[in-house]
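Here is a short briefing on the structure shown below. Keep it in view as you read.

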Amino acid sequence: MHEKITFGYVMIGNDIYELAKALWDVPRSITGDGVRRTLSTIKELCPELTTYEVPSGQKVFDWEVPLEWNIKDAYVEDPDGNRIVDFKQNNLHVMGYSTPIDTFVSLEELLLHTYTQEDRVNAIPYVTSYYEPKWGFCMSEVLKRSLKRGKYRVYIDASLEPGFLTYGEILLEGEEKEEVLISTYICHPSLGNNELSGPCLTAFLSRWLSNNVNRRYTYRIVFLPETIGSIAYLSRNVHHLKKYVIAGFNVTCVGDENAYSFLPSRLGNTYADKVAKNTLDHLVKEYRSYSYLDRGSDERQYCSPGVDLPVVSIMRSKYGEYPEYHTSDDNLEFITPKGLEGAFNAISSAIYTIENDHYPKYRVLCEPQLGKRGLYPNTGQKGKYSKAELLTHILAYSDGKHSILDISDILNVSFREVYENCQTLLESDLIEYLSLLPPVQRGKKYE
Amino acid sequence: MHEKITFGYVMIGNDIYELAKALWDVPRSITGDGVRRTLSTIKELCPELTTYEVPSGQKVFDWEVPLEWNIKDAYVEDPDGNRIVDFKQNNLHVMGYSTPIDTFVSLEELLLHTYTQEDRVNAIPYVTSYYEPKWGFCMSEVLKRSLKRGKYRVYIDASLEPGFLTYGEILLEGEEKEEVLISTYICHPSLGNNELSGPCLTAFLSRWLSNNVNRRYTYRIVFLPETIGSIAYLSRNVHHLKKYVIAGFNVTCVGDENAYSFLPSRLGNTYADKVAKNTLDHLVKEYRSYSYLDRGSDERQYCSPGVDLPVVSIMRSKYGEYPEYHTSDDNLEFITPKGLEGAFNAISSAIYTIENDHYPKYRVLCEPQLGKRGLYPNTGQKGKYSKAELLTHILAYSDGKHSILDISDILNVSFREVYENCQTLLESDLIEYLSLLPPVQRGKKYE
Amino acid sequence: MHEKITFGYVMIGNDIYELAKALWDVPRSITGDGVRRTLSTIKELCPELTTYEVPSGQKVFDWEVPLEWNIKDAYVEDPDGNRIVDFKQNNLHVMGYSTPIDTFVSLEELLLHTYTQEDRVNAIPYVTSYYEPKWGFCMSEVLKRSLKRGKYRVYIDASLEPGFLTYGEILLEGEEKEEVLISTYICHPSLGNNELSGPCLTAFLSRWLSNNVNRRYTYRIVFLPETIGSIAYLSRNVHHLKKYVIAGFNVTCVGDENAYSFLPSRLGNTYADKVAKNTLDHLVKEYRSYSYLDRGSDERQYCSPGVDLPVVSIMRSKYGEYPEYHTSDDNLEFITPKGLEGAFNAISSAIYTIENDHYPKYRVLCEPQLGKRGLYPNTGQKGKYSKAELLTHILAYSDGKHSILDISDILNVSFREVYENCQTLLESDLIEYLSLLPPVQRGKKYE
């Protein structure tokens, strides 16, 4: 039984960061050419990516795919003709899904269409209005306060027309039909942690998984607009996913260096929850464990009643929990190669655990004689034989009812260390591996 | 699906208190005309009340209904002819179930029949001897210490003769055959919190329930003497109660303002326990949660092995836990309209919860578009949409396996607020209500 | 239903200590005449003891019974001819299972075969080499440091030849076929707490059980060499033991006065675990509760996967946890009659619990009238009727689903006190005893 998925990678943080830089200026939203350009860039790295288009007006559960939005240019000129707000300087300046406009307005009317972040006066906030036709500009509170009375030119060259919602999917088949779902979103414009970090890191996760040709499980990796995208995706795939997904990761907010965070699935006790907590317990010094009541990303769809996929999030600073969130300060300075690398390390470790987890079963009765196998010093002097202790502790729980992951939790030793010692025991014929039990394979409640 | 039981009432504390004043001087015991007069007064408020008589000598499980006790007068005169103890001044002065006597005794002999409260020297204690024929007087420790040598006239004009044990029952039928049991006791003479508060509050609970003609459940409300009364009642009704009672409340010590208290059922995890704890969690700032080992009222019978009814107590200051308990200081000054009103509020809130609890089931897959239903602002700016958050949190757990009560516990939001939002979701066709599951309907262990 | 096993004994600590003194100098190891002499001395006290011999070379699960080791003499003489190390002074001086030697060696070579305890410079360590042929001497660090250059005479008159591994077994039949297993080991030479205390105390446990002719359960008491002995024993008896053993005690480290300790079974929730914890909770002021990860004695075999016997250890100072452990300082001064008596008291109390545990079932509905049975004062004055409270508390949980042991845990009252009150209730026909339920009888997971 060979190790599934090679552990470790070399300095991937810089590569992920470079991808984020390349995608930075693309004006993404939940539909439109910005999404297509983003997917096209990712496809250069991940040729397995297939792009799907869902037409405007299509019913997807309780929702309807909206019109496609594309924007070419937008600005505000002050009464003196100075371009004080310019979409080409920062695509956050235009409210997402703004209707087009080209007119002069008074300061009073402009302010009715102006959004600022009062508790962060120099930042441009990120605002959208997907389902109510409106136009609007976002600017810093400082700029807003400096505006004088007079006529302002407001110009938004955008289109809202029947089109498509675009998403990308990569399917990497493994030995098993059971799947691990990895989902991230591509609807945020120039924002760093939330959210260029997610699709950029996920692209490199996909490359890493693609290079591991001995995959045990099948990987389904999706890049889609948040909420409407995952709903549209589920409306097409929910029955398949419910049947095959044993664990899922929603990849978001994986770019900064300030924190590690965990958001559980709705029921909180799926195999994915157990894997993620074990991974963070051993990988990082501390992390913040949130409640499902703190959710705010696509687990809202994946974990909703009746869908019930075992999807969790391993994050750095969680959306909504850092002051730069959803402002122009969540930028390429806020995310770093080191921050991205740490998140990649955590998520890939969780996948390593899933790939290599089994139920070891001891093949002998009573403890084995480790000494004759060269695994134990024969001289019984008082002391610490930690290697032998670890082997005997693992054997003590190798009853076919505790998985390697369970044993890692019991011993408070990292999964990888337990797994590597299990491999030693497997080579010595002291244990055999049972398949994972059905409740785990189906990602159901794990007890 | 309409709301069951109208919530809220207007300033009921004063009405309850007035009833307590009207019943104050009636010389109650476990049998006798004092009980009948008490029930008769309650029947004026609650015409549905039926009175039952169980004859002396009747076997009721391990017990036998005792002789009926009636008392007309009693006093002690000192050697100078002063009436130092007088039943007409305070009916606690005579030990309950005293045998008649009319003679002169020495101080020494009088003291053998005298009961005082040594740790509360000005109070008259409440003492009874139901099953051993004795006579006795209760007085303050201060009075006892002042007694001089000499002949004392002792006079008790009481009768102990074959008669009946009397109890009252109100049956208010609902849509369902399943019942909520409300039990209180009417055997205490002039005592306030323990126990005129119980029957007085229960009479007004009955009126409130009677006025709510759309009751979901059937209510069985009993006024009986403690212990022997509940045993006699169970001996006649245990099979019916075991079949139909889904929750029960023993109403006692509901009159003072000093505390709120909760006493669980024997198993501690019935639907009644869950409802009562949730109610107190959200209604009062703090309350004291007792163990079943602290029990001391009719839950001793209702929860006994083989009977196993899901009966709990929501109280103010619990019997045995306040210094005035079972003395003349537990009087009409100790209980207050405000204290009674608080307890009525708590118990009626618990009943409101039972009446309106269901298992909501979400009818759609993925989150709904609250915006198109006017339930969510469309502009996705960073902020707090607490109404929408609450609705989505409720939907997240509306999987048909969590009741509204469960969701109230999970969200730490009052049952009523969760229920009212469920009604909004019901009106929007986003959820349906499932019946309560069998284990809950039967009041069995709730997991 | 009579009490099983008479509780109490008289001052047994001195007798156990005298046995330890008598067995002190016998040179025990995992095989050899020292083991046989030890068993022979125990048989004088326990005539039911049968001795078994397992031949060298016999395969026992993953192991093979080693050659038999016997030793007559051993010493080291310094260059001046002084006998600086002498087996006859202390049998720890020779490494257990040393090969024979008779030669002169340089100081350098002697030091390669010398073992000391660096953190306890005056003590001789206890060292063995059962499965690698080596010779060695153990001495104090102080002595080692004083050695000068020169030729040393090293002399070990020992034999390693085909022979037998010897163990003893006592079978005391009871009314039931279900068994309690008591295991201790006889392979340590002159060491006190770990381990002459175990076999000496166990011999007296056996006498006490033998004198109790009304035993409910069958007792299987084994004296064997640690590890290889319990493995050899299990290889012959595992199927029988798995079928019949409901609880087991590994008796080790039961001689000093410094502490009480508890080591659980592998799964931690067997009937034996519950009994042992309840016993220590009520018998001693405090004790240290270890994890199965701290194990180090024959529970390693008895609890191994597939064997799964419910075996726990009630100890004084646990092996490996006191500074004198496995050195010449763990001697007859370290163990005391008082220390041995305390451990005997604890283990015999645990056995008393197992013998007398039942599922009491209340035979009446509602509380009984304790008064008419003379169990309750009739005068209901406020106060504490602790005897009656205890009886009613016991009855409240006598539902046929809680054992006497469960009730002891719930009430936080010692098993013996609950049991004695159950006997009162049994005599009053208020309860009956149900058999222990199958999961408990089989020593399986106890929930």
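Across which strands of chain A does helix H6 (residues 228-244) lie? Helix H6 of chain A lies across E1, strand E10 (164-172), E11, E12 and strand E13 (245-250) of chain A. H6(A) runs at about 30° to E10(A). Bear in mind that this is a predicted model.

**Confidence**

- The model scores ipTM 0.90 and pTM 0.91.
- Chain A has a mean pLDDT of 92. In chain A, 93% of the residues reach 70 or more.
- One stretch of chain A, residues 378-385, stays under 50 in pLDDT. For these residues the model has 18 contacts beyond four places in sequence.

**The eight-stranded sheet of chain A**

- This open sheet has eight strands, in the order E1-E10-E12-E11-E13-E16-E14-E15. The pairing is mixed.
- Strand E1 (50-55) and strand E15 (288-289) of chain A are the edge strands. Each of them pairs on one side only.
- How many bridges join strand E11 (residues 179-185) to strand E12 (residues 218-224) in chain A? There are seven bridges, and the two strands run parallel.
- Ile182(A) shows one such pairing: its bridge partner in E12(A) is Ile221(A).
- Helix H7 (residues 271-283) of chain A also packs on the sheet. H7(A) touches E13, strand E14 (261-263) and strand E16 (311-315) of chain A. The direction of H7(A) makes about 15° with that of E16(A).

**The four-stranded sheet of chain A**

- In general, strands of a sheet pair through backbone hydrogen bonds, either parallel or antiparallel.
- A second open sheet in chain A has four strands, in the order E5-E4-E9-E6. Here the pairing is antiparallel.
- Why is one side of E5(A) and of E6(A) left without a neighbour in the sheet? Strand E5 (83-86) and strand E6 (101-106) of chain A stand at the edges, and each has a single partner strand, so one side of each has no neighbour there.
- From one strand to the next, the twist averages 20°.
- Strand E4 (residues 68-77) of chain A is joined to E5(A) by three bridges, and the two run antiparallel.
- Tyr75(A) has Asp86(A) as its bridge partner in E5(A).

**How the chains relate**

- In general, two copies of a chain are related by a rotation about an axis and a shift along it.
- What rotation superposes chain C on chain A? A rotation of 120° does so, with 0.1 Å of shift along its axis and an RMSD of 0.0 Å. That is the relation of a three-fold axis.
- Chain B can be laid on chain C by a turn of 120° and a shift of 0.0 Å along the axis. The RMSD for that pair is 0.0 Å.

**Where the chains touch**

- Chain B puts 23 residues in contact with 17 residues of chain C. Helix H6 (228-244) and helix H8 (299-302) of chain B each supply at least two residues of this side of chain B. H6(B) gives the largest share, three residues.
- By type, the side of chain B that touches chain C has 13 nonpolar, six polar and four charged residues.
- The contact between chain C and chain A takes 24 residues from chain C and 18 residues from chain A. On the side of chain C, helix H6 (228-244) and helix H8 (299-302) of chain C each supply at least two residues. H6(C) gives the most, with three residues.
- By type, the side of chain C that touches chain A has 14 nonpolar, six polar and four charged residues.

**Two positive phi angles in chain B**

- Most residues other than glycine have a negative phi.
- Phe61(B) has a phi near 50°, a positive value in a residue other than glycine. Phe61(B) is found in the loop between strand E2 (59-60) and strand E3 (63-64) of chain B.
- Is Phe61(B) buried or exposed? Phe61(B) counts as buried because it has 20 C-beta neighbours inside 10 Å.
- Asp429(B) has a phi near 60°, again positive in a residue other than glycine. The place of Asp429(B) is in the loop between helix H12 (415-427) and strand E18 (431-434) of chain B.
- Asp429(B) has 11 other C-beta atoms within 10 Å, so Asp429(B) is exposed.

Conventions. Residues numbered from 1 in each chain as written. Chains lettered and ligands numbered in written order. Predicted model: local features only at pLDDT ≥ 70, side-chain atom pairs only at ≥ 80, totals over all residues. Contact = placed C-beta atoms within 7 Å. Nonpolar A, V, L, I, M, F, W, Y, C, P; charged D, E, K, R; others polar. pLDDT = per-residue confidence, 0-100. Least-squares fit on C-alpha atoms with pLDDT ≥ 70 in both. Pairing = 2+ DSSP bridges. Axes fitted to C-alpha atoms, helices over the stretch in contact; angles between N-to-C directions. Buried ≥ 20, exposed ≤ 12 C-beta atoms within 10 Å, placed from the backbone.
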